[in-house]
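Please have the sequence and the model open while reading.

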Amino acid sequence: MKRILVALLIASLMLTCLAIPAMAEGEAEGWNNVNAEGYVFPDYSGETLSIMWWGSNTRAEMTEKVIHLWEEHTGAKVEFEWYDGGTYWTQFQAKMAAGTLTDVFQMGNNWLTYYNTIEPLNEYIDEGIIDTTAIGPAMIATTVNQANGDVTGMSNGTNARCFAYNPALFDQAGVAYPTATWTWEDFADAARAIHEVTGKPAITTLEYNSLAYSVFTQWKEGYNFYSMDGTGFAFDGDTEPLAYLFDLLTTLQQEGAIADYGIQNEIGSNIEADWIAYGDAAMVMLSSNQFQALSNVAAENGITLELATIPRVSEDGQSGMVVRSSQQMSMWNGSQKKEMAANFINYFINSVEANKILNCERGVSINSDVLAALKEDADEVTSKVYTIIDLIGSFPDAANTSPAEPAANEEISDVLKKTYFQGLAEGKFASAEEAAELFWAEAQEIWAKFEN
Amino acid sequence: MQATKRRFGKSAGGFLNSDNTVGYLFAIPFIISFLLMTIIPMALSFYYSFCNYWIGSVPTWFGIENFYELMHDATFGNSLLVTLQYVVIGVPLKLVFALLIAMLLTKPTRAQGFYRAVYYIPSLIGGSVAVALVWKQLFGSRGPVVNLIRTFGAESFNFFGSTTWAFLPLVLCNAWQFGSSMLIFASGLKQIPKDYYEASEIDGANVVRRFFSITLPCLSPIILFNLIMQLISGFMTFTQAQIITDGGPNYATNYIALNIFKEGFAYQHMGYACAQSWIMLIIMAAITGLIFKTSSHWTYYEN
């Protein structure tokens, strides 16, 4: 698979070289660069564009500001709606079934599931309406359908799943801070020590499916949960890594060092409600782009948070972490205003002015000009995000993920958490090994349902 | 000429004035919405239940595959069980509550209307997301109820973290919305002739005796009505489970409506979800039918 990627990269480089003379004849490359001096915005007076996204309050405030700026520039009116991460997909499906999706919508790495609603952006990129002069091919590749080369959206930025922690509670318990290569044993020791001192769970939010992916990659070189091309599993039916994770987390939870599933569900996808922001927990697992929203709430309570990597199985083993597109702006293929939508996406992704407001809260910008401008005057919290993304990007296995989540993923990850993790905690399985075996059997069954 | 006109006018007027025309005319809004919102979706869902279908796809015929798979689906079986638990505990609780408050409020006082309105409010707002969020806070891991229980020694007690107790706040939330049953009970209580009570009082029957020998029998048709309405709404419970517990932990509150929603919208098995909803319909119809059948033995009609 890596070879195919390299070949793709070389091919796209060659194509760019070939395209340069051709472009010189037609419209100048980068003609729609919103950052160019004297750039004239298209006039959309009297027209309306609709947009929807998911996210926190912090995100909503920032996005609304950017929308108003674009409205001022173009004279357009933008109708927007936003939901929390859970509600979004229900709304999305209802709109999809009714054929009333918004012109532009935020899309996750689950875009394969909603593929038939998405307008490929290749044409708009080729024409230069969506300006990609400052976006590297590797960044565009994070949202490309490997099967046919369709660009399914423009990435709002890259992120990585990682841990945030409260150093004050680590100090209080007298345990060392996480290092770049800390292990699951270090994690367990820290969680126990902190729980002993505070009497509260040391960690409240864990993403069980992504932890499972990480541990599979960490276990043995070449292992992955789903294969890179998204056509199946990639761990040879080896259930040992999963049994290891089942055992580790369930034991810690039964000791009280990890919050029970009720607490975890209460917090849900609402990162701003996590206990760590109120000084009641020491660690949380999150996506790096959620760190700002979390830090905002923590700061109100006088708490400063830091970012750390996901623990490893062994110190000198693989990291099991990935840098990927956090989410993307996609265009509805039923939209009546595709050019306008492309122009909005162009502004949203590329504008320095807009991204100074958005401040990489959705992910670290894929546009090098934007990123350079943002890094110049980054505040302390955002700098931590840049640092962790740079660190994870330096791990050799950090590109180990497929751009698309398979359609079966939603059910497989739900079953992993609710049937097996929660079932094991309830004593419904004789051992972690048995739970892992049974999960593997059910995961294959679920996968088969999507084959026909 | 004049005559034809008059005759035509007369027959058109006759058509417009006929009771049937007027009746259908007024019923049209209902008929249209009933077709669009109930009959057509039901027919579609019946068709989809025999198909491999997800939202946005073209349904392909699957035969009874969906129903066959349902028989081996442990999650679905569990959903049926926990829904039954919810209904068996929740509905009687709600009816007892409703009858109790209705009886307290039958004494004609000036504030009667006010109290009835106050007790009815939960029924108006109870199914809403906002109330579910309030209950989530109230019974949540840091809520006042849990804190109170913890002061009695159960240090790590948490409703929503326990497969044994997670259902209780949901049942209470449902029971709290007793307003509509209460109003129906209240009007039923008014229908019971006063002479019965006076006569029994003279014969020396105490309050308990009067309740069981007069109030309950006379109220039995109303109880039947309320029981059936509440059973049906109990089987369809969804909002609280979705918002408060998301069906968890370990499917302890994964009620059938929530399970259907998950299969259809999250896991992309809409055909399978439709099959589940038809099974649910059959079960509900069977239970309702059973209650109707046996009702002649325990309801009492005065006439």
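## Chain A overall

Chain A has 17 helices and 13 strands, where helices (H or I, at least four residues) and strands (E, at least two) are DSSP runs, numbered from the N terminus. Its radius of gyration is 22 Å, close to the 22 Å that the globule rule gives for 452 residues, so chain A is as compact as a globular protein of that length. The radius is taken over C-alpha atoms, and the rule is 2.2 Å times the number of residues to the power 0.38. The C-alpha trace of chain A spans about 70 × 50 × 45 Å along its principal axes.

This is a predicted model: local features need pLDDT of at least 70, side-chain atom pairs count only at pLDDT 80 or more, and totals for chains, interfaces and linings use all residues. Residues are numbered from 1 along each chain as its sequence is written, while chains are lettered from A and ligands numbered from 1 in the order in which they are written.

Of the 452 residues in chain A, 48% are buried. A residue is buried if 20 or more other C-beta atoms lie within 10 Å of its own, exposed if 12 or fewer, and partly exposed in between, with C-beta atoms placed from the backbone.

Among contacts in chain A between residues at least 6 apart in sequence, 76% join residues at least 24 apart. Two residues are in contact if their C-beta atoms, placed from the backbone, lie within 7 Å.

## A helix pair in chain A

Helix α8 (residues 208-219) of chain A packs against helix α16 (residues 409-425) of chain A at about 95°, with the axes 8 Å apart. That makes α8(A) roughly perpendicular to α16(A). Axes are lines fitted to C-alpha atoms, for helices over the stretch in contact, and angles run from 0 to 180 degrees between N-to-C directions. Angles under 35 degrees count as roughly parallel, over 145 as roughly antiparallel, 65 to 115 as roughly perpendicular and the rest as oblique.

A:Y208, A:N209 and A:A212 of α8(A) meet A:S413, A:L416, A:K417 and A:F421 of α16(A).

## Chain B

The axes of helix α4 (residues 74-104) and helix α11 (residues 207-235) of chain B come within 9 Å and cross at roughly 140°. That makes α4(B) oblique to α11(B). Residues in this contact include B:Y86 and B:V87 in α4(B) and B:L227 and B:L231 in α11(B).

Of the 9 residues of helix α10 (residues 194-202) of chain B, 0 are buried, so α10(B) lies largely in the open. Just after α10(B), B:G204 takes a positive phi of about 95°.
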